[in-house]
Amino acid sequence: HEGSFVLVFVLLDTMASRKIVKEKGATIEPFEESVAQALADLEASGSEIKAELRELFITSAKEIDVTGGKTAVVLFVPFRLLPKFHKIQTRLVRELEKKFSGKPVIIIAQRRILPREKAGGRLQKQKRPRSRTLTSVHENILDDLVFPTEIVGKRTRFKVDGSRLLRVLLDPKDQQNCEYKTQTFQSVYKKLTGKDIVFEFPFGSE
């Protein structure tokens, strides 16, 4: 019935509005609305992760161009909710990739970088936590990017022009499941941090 349809639509729309919580005054972009709606649809359906999704939401979402003319969907989530996202990440990513026509979906915690203390005085009343430094935030983005695959090593190479290239070694046992994603990981990391990176799977010990 038409009345029932309107009621269901309004309920879904209300659920979608709960699936994205931005900083005060920040505008919700159309693409972010589509991601929030996709999460609400999964919660409203008979999905096996329906219960876990009830308390989860994102803070922003964006599409990032990656190698091969493709586009990745990157979801930013509250840091405190990251462990709960991780519990269902494999299943959630699979469902969202279906909804976004096979585009790779990546989940990253929203972290804030605090500026370095000024010489002769501090910008902050308290010492800046290491977790808020640029280096730490970039390291954590890397961990989020490849989850649930573990990073087993890192090497930094210096190019002839003086620039750096970070080689990240991933757990070989996950090679079959995530090797096809490494070009996407490289593009997303470069976009978010400005740093060049390459992912490899070591054979034996280095």
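**Surface, fold and selected residues**

Mentor: This is a predicted model. The chain exposes about 12800 Å², and carbon and sulfur atoms supply 52% of that area.

Trainee: What share of the residues in the chain is buried?

Mentor: Of the 206 residues in the chain, 41% are buried.

Trainee: How many helices and strands are there?

Mentor: The chain has seven helices and six strands. In sequence order they follow the pattern α-α-α-β-β-α-β-α-β-β-α-α-β.

Trainee: Let us turn to helix packing. At what angle do α5 and α7 pack?

Mentor: Helix α5, residues 134-146, and helix α7, residues 182-193, pack at an angle of about 150°. Their axes are 11 Å apart. An angle over 145 degrees counts as roughly antiparallel, and α5 and α7 are therefore roughly antiparallel to each other. Their crossing is right-handed.

Trainee: Which residues of α5 and α7 meet there?

Mentor: From α5 come His-138, Ile-141, Leu-142, Leu-145 and Val-146, and they meet Phe-185, Val-188, Tyr-189, Leu-192 and Thr-193 of α7. The residues of this contact divide into eight nonpolar, two polar and no charged.

Trainee: What about α2 and α4, at what angle do they pack?

Mentor: Helices α2 and α4 pack at an angle of about 120°, and their axes are 11 Å apart. That angle makes α2 oblique to α4. The crossing of α2 past α4 is right-handed. On the α2 side the contact is made by Ala-38, Leu-39, Asp-41 and Leu-42, and on the α4 side by Leu-92, Glu-95, Leu-96 and Lys-99. These residues divide into five nonpolar, no polar and three charged.

Trainee: Back to α5 for a moment. Is Asp-144 buried or exposed?

Mentor: Asp-144, which is found in helix α5, counts as buried because its relative accessibility is 3%, and the cut-off for buried is under 20%.

Trainee: Which residues is Asp-144 in contact with?

Mentor: Apart from neighbours within four places in sequence, Asp-144 is in contact with Leu-82, Ile-107, Ile-108, Ala-109 and Arg-111. Take Ile-107 as an example: Asp-144 and Ile-107 are 37 residues apart in sequence, and their C-alpha atoms are 6.8 Å apart in space.

Trainee: Where is Ile-49, then?

Mentor: Ile-49 is in the loop between α2 (30-44) and α3 (50-53). Its relative accessibility is 0%, so Ile-49 counts as buried. With residues up to four places away in sequence not counted, Ile-49 touches Ile-88, Arg-91 and Leu-92. The C-alpha atoms of Ile-49 and Gln-89 are separated by 9.8 Å, and these two residues are 40 residues apart along the chain.

Trainee: Where does Asp-171 lie, and is it buried or exposed?

Mentor: Asp-171 lies in the loop between β5 (164-170) and α6 (175-178). It is buried, with a relative accessible area of 13%. Setting aside neighbours within four places in sequence, Asp-171 is in contact with Thr-149, Glu-150, Val-152 and Phe-201.

Trainee: And Ser-60, which residues does it touch?

Mentor: Ser-60 lies in strand β1, residues 60-66, and counts as buried at 14% relative accessibility. Not counting residues up to four places away in sequence, Ser-60 touches Ile-20, Lys-22, Glu-32, Val-74, Leu-75, Phe-76 and Gln-110.

Trainee: Now for backbone geometry. Which residues does a cis peptide bond join?

Mentor: A cis peptide bond joins Phe-147 and Pro-148, with omega at about 10°. Pro-148 is in the loop between α5 and β4 (151-158).

Trainee: What is the phi of Ser-101?

Mentor: Ser-101 has a positive phi of about 55°, although it is not a glycine. Ser-101 is found in the loop between α4 (82-99) and β3 (105-110), and it counts as exposed at 71% relative accessibility.

Trainee: Why point out these two features?

Mentor: They are worth a look because most residues other than glycine have a negative phi, and most peptide bonds are trans.

How values were computed. Residues numbered from 1 in each chain as written. Predicted model: local features only at pLDDT ≥ 70, side-chain atom pairs only at ≥ 80, totals over all residues. Heavy atoms only, no water. Helix = DSSP H or I, 4+ residues; strand = E, 2+ residues; numbered from the N terminus. Buried < 20%, exposed > 50% of the residue type's maximum accessible area, 1.4 Å probe, protein only. Areas by Shrake-Rupley, 256 points an atom, 1.4 Å probe, with all protein chains shown as cover. Axes fitted to C-alpha atoms, helices over the stretch in contact; angles between N-to-C directions. Parallel < 35°, antiparallel > 145°, perpendicular 65-115°, else oblique. Left-handed = near helix turned anticlockwise from the far one by under 90°. Contact = heavy atoms within 4.5 Å. Nonpolar A, V, L, I, M, F, W, Y, C, P; charged D, E, K, R; others polar.
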